[in-house]
Amino acid sequence: MSNIKSYHERIENFDWKIAEKELDYEPGNVINIGWYCSDRICQMGKADKPGLIWEGSTGVEKRYTYNDIRINSNTIAQFLKDLGINPEDRVCLFLDKIPELYIGFLGILKMGAIAQPLFSAFGDESLFIRLDNAQTTAIITQKKHAPKVRKIMDKMPYLKHLIIVDADPGKPLADREVAFDLAKAGKVDHFDIYPTTAESPSVLHYTSGTTGQPKGVKHVHYSLISQYLTAKWVLDLQDDDIYWCTADPGWVTGTSYGIIGAFSNGVTQCVLDAGFSADNWYRFIQKHRITMWYSAPTAIRSLMKAGEEVIKKYDLSSLRHLASVGEPLNSEAVIWSERVFGKPFLDTYWQTETGSIMISNYPGMKIKPGSMGKPFPGITATVIHPETYEPFNETGKIGLIAIRPGWPAMMRTYWKNEETYRKKFQNGWYLPGDRSSIDNEGYFWFVGRDDDVINTGGHLVSPFEVESALLEHLAVAESAVVAKPDFVNMEVVKAFVTLKPGFIASKDLDLDIMNFVRKKLSPLAMPQEIEFIDTLPKTRSGKIMRRILHAKEWGEEIGDTSTLEND
Ligand code: WT7
């Protein structure tokens, strides 16, 4: 039996109060995600239930019951409070997928500060842009990532503490640096949780746009209402589930469903902090008897590529329910998973800004492979004309996805960027910036993004950020960055570069530029290909026309080039 019962039944008479009631929340009361994800689960009689089973790259395992999660998050909350961190201060988590990341997230929320998770593979430039925008007060990191922070420390007078969770004992630390070892810290059994209410800020996630710097998406504690219920109805989390969300909490899936959705539903969740390999993933499922698996199309396509022989080596019969998010899930992947695992991956669609699943396939619903499914009960979503912003009268038309604002996990603003936030709304709709059509049975079919942002392996990369980094390289005069098709990652970053006088294109220069971007930004943003060209296509006003380069990569019609300077 799935949690959602019947989709039709749920959609009629839907009210978010269903989640409020299940969580014993009354409007106006205190609501703290940290408490709901640990203390409350203990109060419900699950204190000794395993909440987090963690496995590192060397195979070492750590287990935490819900009571351990409660006490350890208290301990971190108390430590931050004693350091002098105030409610609503931004505390950045710059960590691999280690237990401190999951438990630290809850600790930050318990003491009323705002959790700012950043992907641990970020280079110093990516890091600085996001910390500077947020005026972050403290960073929690590991000694292996600390050098990247130290490199930019001088530019960040607002950053008061660099907290290192695995510092070498006895080794002196620099000014502003402090060691905190969770395993050795005196445990705090009781912590007075900061009385956050519905609109108190909780999480600040950075997401990339086409132009300008990344935007800080501000979420609030009330987001729990959507995250809890969507995890229950779409991911179908049930009491005896062993859940595995493969996403990194540096990105929104890893927090909304890798922390909040999972722990607020009181399931046992497993985390694998190791690089991808088909063998290792299947072994992990077999070892922990994973029942619910939430992953991403790129991972699924990588598994497809690894073939079926490797699957036969493992017992994957524990799998009960599979779902996917982050990029288009092609129908082949759905059909393949049904054949090899006996279960299709159910596609779910949402984004950093929406905070929770918006459109998806549901357990028990007819699955149309390649379709994203239907809006979550309580979500009004449609497709509108890109100019009139009016819904189409007929089905099958391609337009912009539009969602009626007002669900609990909706972002509240872009940090210090109210103007860009306001532009996301038109004619009473929130526009995620994606194109889709709807068929005659109400299923959504994703078409593409409505901007130049590159979605590589489910991660958004801003062409602007990569172009800016490229321009800092000694040899680069101009650059234009576009997506290039790729079987596994769907899109990868490709850069077109013109060189400054005196520089000559070569394999060495190519590698040097790639590495330069990887170090400054991240491995995701590193161009997989650099094409040196003499001139870039520009409009008469001098704007680089990415559209033309993009069309060339995808073998598409170039379209109107009337404003082109050098055709
Ligand atoms: C963008 C959001 C929310 C989880 C991680 C990504 C694309 C997301 C799907 C899907 C096609 C999808 C959209 C969206 N996207 N899910 N099921 N099918 N595209 O969060 O980094 O904010 O990216 O990813 O373009 O707007 P994000």
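The model is predicted, so local features need pLDDT of at least 70 and side-chain atom pairs count only at pLDDT 80 or more, whereas totals for chains, interfaces and linings use all residues. Residues are numbered from 1 along each chain as its sequence is written, and side-chain values use heavy atoms, with hydrogens and water left out.

View 1. An oxygen atom of the ligand is 3.1 Å from a polar side-chain atom of R449. The protein buries 97% of the 560 Å² that the ligand exposes when taken alone (accessible areas by the Shrake-Rupley method with a 1.4 Å probe).

View 2. The ligand is surrounded by 18 residues, the closest being D347, T348, Q351, T352 and D434. Eight residues of the shell are nonpolar, six are polar and four are charged, where Asp, Glu, Lys and Arg count as charged, Ala, Val, Leu, Ile, Met, Phe, Trp, Tyr, Cys and Pro as nonpolar, and the others, Gly among them, as polar. Strand β14 gives the largest share of the shell, three residues (strands are DSSP runs of E with at least two residues).

**View 3. Strand β1 and its two partners.** Strand β1 (residues 50–56) is largely enclosed by the rest of the structure, because six of its seven residues are buried, meaning under 20% relative accessible area with a 1.4 Å probe and protein chains only. With β2 (residues 61–65) β1 pairs in the antiparallel sense over five bridges (pairing requires at least two DSSP bridges), and I53 stands opposite R63 in β2. Four residues separate β1 and β2 in this hairpin, and G59 in the turn has a positive phi of about 95 degrees. With β11 (residues 268–273) β1 pairs in the parallel sense over five bridges, where W54 stands opposite V271.

**View 4. The aromatic pair of F14 and W16.** Both F14 and W16 are buried. Their ring centres are 5.0 Å apart and their planes stand at 90 degrees, so the pair is edge-to-face (centres within 6.5 Å, planes over 60 degrees apart).

Technical notes. Near = heavy atom within 4 Å. Polar contact = N/O pair within 3.5 Å; in protein donor to acceptor, adjacent residues only side chain to side chain. Buried < 20%, exposed > 50% of the residue type's maximum accessible area, 1.4 Å probe, protein only. Phe/Tyr/Trp six-rings, centres within 6.5 Å; stacked < 30°, edge-to-face > 60°.
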